[in-house]
Amino acid sequence: MIENQIRQNGMDSFRLSSADAQHMISAKKMLEGHGLSFHEAVLFLKKILERGVNLDEAYALFSRGCEVEEERKGSKKLYEAVDYHISLKERQGRRGRTIGQLRSILNKIMKQNLDLAGKYLTDISIGDCWSMVENFSSSERQRGDAKKMLRAVFNTAMKNEWVTKNPVLAVTIGAIQETEIIPLTLSEVRQLFAACRKANESEVEKKSLMLDTSDCLIPLAIMLFAGIRPEEVTRLGWSDVNEEEMIISVRGQSSKTGGIRHVRILPPLKSFLEVLKDVEESEGRIVPKNWANKWGCIHKRAGWGKNKPWPSDVLRHTFASYHKKYFNDMASLKDAMGHTSEKLLRDRYMNLKGVSEKTAREFWSLTAQDLIVAG
């Protein structure tokens with residue numbers, strides 16, 4: 001209407017109605033202090049409407065944008081959350097090996113995903129997390145480790161209120177195919193204990209076999225008859241062995257998970273402690289000096305080597321399998337193994353292949369006198 005009036009009668013004829021004038025005056029007052037003219041406001045609104053967005057939708061989008069910006073103010077970028085998580089675990093006293101693995105995996109994820117490392121946690125989607133995990137490695141096990149550690153970073157971030165949800169929880173990976181670990185036979189058990197001795201004449205020329213491993217009997221007995229992990233036994237001291245109460249205390253700084261647990265001293269292990277308590281040291285650590293080399297020497301003497309690799313967790317598997325077959329007490333076994341549930345125990349450790357009631361009975365009837373080779 002105004003355009004037609006101007007075309008017909010020129011600018012001098014331009015007049016606003018009182019209603020239009022009042023609307024423009026009100027709009028001008030609303031815009032005061034924002035550095036925006038009425039004309040600029042109309043142009044901005046025109047751009048929104050040209051996108052096919054109505055005013056209600058535009059306001060909803062704007063409000064959501066404000067919320068996102070507010071969330072970012074209290075959030076952290078992914079690489080900052082990773083650095084904080086690693087330093088937190090260091091302050092909590094986690095072992096050097098654990099921290100090293102944590103730093104190695106998380107730093108690799110950051111280097112592989114520089115674009116995501118600089119994003120705020122609130123902006124990282126499930127798809128982003130899936131991409132980080134999937135591209136980490138071709139190995140299902142390593143992808144599982146990547147997911148586990150990335151999930152822990154977001155859990156730490158949630159506790160600090162840097163983010164409200166953990167998108168890693170929705171990431172799925174293929175099932176990890178566990179390598180079957182068969183429990184040791186009674187014959188193999190005897191071979192291990194027989195290997196705890198001085199070198200014989202045929203071994204003195206071989207550096208890896210010329211060690212005196214006779215001081216390794218109790219650490220071996222603890223791993224086999226108490227189910228204590230190889231890494232845990234290296235941190236055990238004689239003060240952790242309580243023969244009066246018949247328990248071994250695996251303390252927080254010694255255990256894999258960081259929690260303390262008490263493991264019962266069962267008859268086979270008790271016999272070793274009774275026979276050797278006057279021979280072994282009563283203070284300091286239980287494992288002897290040069291333990292790693294001596295443990296490797298025992299494997300080789302007992303028949304494990306290049307053609308027959310040593311399964312790293314075989315002693316724990318052996319303990320769990322014979323324990324389940326003989327005692328049939330999952331609650332006690334769970335506590336001894338340091339697990340929070342029976343599921344992992346059943347899925348990973350319950351391999352009863354070759355373990356009969358007869359062999360289980362023989363296993364738990366073994367004594368130091370049966371297994372220690374004289375001389």
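1. Asp-128 forms a salt bridge with Lys-119, and their closest N and O atoms are 3.2 Å apart. A salt bridge is a side-chain nitrogen of Lys or Arg within 4 Å of a carboxyl oxygen of Asp or Glu. Lys-119, with 26% relative accessibility, counts as partly exposed.

2. A word on the source before we go on. This is a predicted model, in which local features need pLDDT of at least 70 and side-chain atom pairs count only at pLDDT 80 or more, while totals for chains, interfaces and linings use all residues. Residues are numbered from 1 along each chain as its sequence is written, and side-chain values use heavy atoms, with hydrogens and water left out.

3. How many salt bridges does the rule give? The count comes to 15 salt bridges. A network of them links Glu-134, Glu-140 and Arg-143. Within it, Glu-134 and Arg-143 meet through their side chains at 4.0 Å, N to O. Glu-134 counts as partly exposed at 29% relative accessibility, whereas Arg-143 counts as buried at 8%.

4. Now look at helix 18 for another pair. The side chains of Glu-362 and Lys-358 form a salt bridge, 2.5 Å from N to O. These residues are four apart in helix 18, so about one helical turn separates them. Glu-362 is partly exposed, with a relative accessible area of 32%. Helices (H or I, at least four residues) and strands (E, at least two) are DSSP runs, numbered from the N terminus.

5. Helix 10 covers residues 186–194, and its buried residues are Leu-186, Glu-188, Val-189, Leu-192 and Phe-193. Seen down the helix axis, these buried residues fall within an arc of 160°, so they line one face of helix 10. The arc is taken from the directions from the helix axis to the C-beta atoms. What covers them? The cover includes helix 11 (217–226), helix 13 (267–276), helix 14 (291–301), helix 15 (314–327), helix 18 (357–363) and helix 19 (368–371). Contact here means heavy atoms within 4.5 Å.

6. Three strands form an open sheet in the order 1-2-3, with antiparallel pairing. Strand 1 (241–242) and strand 3 are the edge strands, each pairing on one side only. Two strands pair if DSSP finds at least two bridges between them; strand 2 (residues 247–250) and strand 3 have four, in the antiparallel sense. Among the partners, Ser-249 bridges to His-262 in strand 3, and Ile-248 bridges to Val-263 in strand 3.

7. Which residues of strand 3 are on its covered face, and which on its uncovered face? In strand 3 (residues 261–264), Arg-261 and Val-263 make up the covered face, while His-262 and Arg-264 make up the uncovered one. In a regular strand, side chains alternate between the two faces of the sheet.

8. Last, the cysteines. A disulfide is a pair of cysteine sulfur atoms within 2.5 Å, and the count by this rule is zero.

Key: Buried means under 20% relative accessible area, exposed over 50%, partly exposed in between (1.4 Å probe, protein chains only).
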